[in-house]
Amino acid sequence: VKGSNILTEYYSAVRADVPDDEDETTKLNIPFIDTVKQADRIYTSGEALSHCLASTMRDVAEAFGEENVKKFVLLRNTTSSVGGCEALGETFIKEMTKRGMKVMDTTDVKK
């Protein structure tokens, strides 16, 4: 659960920005990541592309290893950046596509 410790900030859904050594819930959520890693394709979406989604995906990508980053598909038409921070969202997309992430709209997903 994101934000379970009021003493630290959570941009990422899988770890606190500053983990608390005495609170395991603030550390990287390895069981969740191991479950997600089993998928062949991982569609991602959320708010905000510039901050929370970017932080979460970066954390998961680091735990996954480079080869597994290719499993990510960002559903571009289902997310947006914080107003005024669009450049951060675009930087994140460029960074992750270089690592193998794909970008598409929901209308492009095959059933």
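Colleague: Where is A48 found?

Modeller: A48 sits in the loop between β1 and α2. Those labels are DSSP runs, numbered from the N terminus: helices are H or I with at least four residues, strands are E with at least two. This is a predicted model, in which local features need pLDDT of at least 70, side-chain atom pairs count only at pLDDT 80 or more, and totals for chains, interfaces and linings use all residues. Residues are numbered from 1 along each chain as its sequence is written, and side-chain values use heavy atoms, with hydrogens and water left out.

Colleague: Which kind of peptide bond joins E47 and A48, cis or trans?

Modeller: Most peptide bonds are trans. The bond between E47 and A48 is cis, with omega at about -10 degrees.

Colleague: How do I read the sheet? What is the strand order?

Modeller: Strands of a sheet pair through backbone hydrogen bonds, either parallel or antiparallel. Two strands count as paired if DSSP finds at least two bridges between them. Here, 3 strands form an open sheet in the order β1-β2-β3, with parallel pairing. β1 (42–44) and β3 (102–104) are at the edges with a single partner strand each, so one side of each has no neighbour in the sheet. On average, neighbouring strands are turned by 30 degrees against each other, direction ignored. Such angles are taken between axes, lines fitted to C-alpha atoms (for helices over the stretch in contact), and run from 0 to 180 degrees between N-to-C directions.

Colleague: Over how many bridges do β1 and β2 pair?

Modeller: β1 and β2 (residues 72–75) pair over 3 bridges, in the parallel sense. I42 has F72 as its bridge partner in β2. Helix α2 (residues 52–64) packs on the sheet and touches β1 and β2. Contact means heavy atoms within 4.5 Å. The direction of α2 makes about 170 degrees with that of β2.

Colleague: Which element gives the most to the lining of the largest pocket?

Modeller: First, the term. On a 1 Å grid over the protein atoms alone, a pocket is an open set of points where a 1.4 Å probe fits, with protein on both sides within 12 Å along at least five of seven lines; lining residues have an atom within 4 Å of a point. Here α2 gives the most, with 4 residues. α1 (30–37), β1 and α2 each supply at least two. I42 and F72 are among the lining residues.
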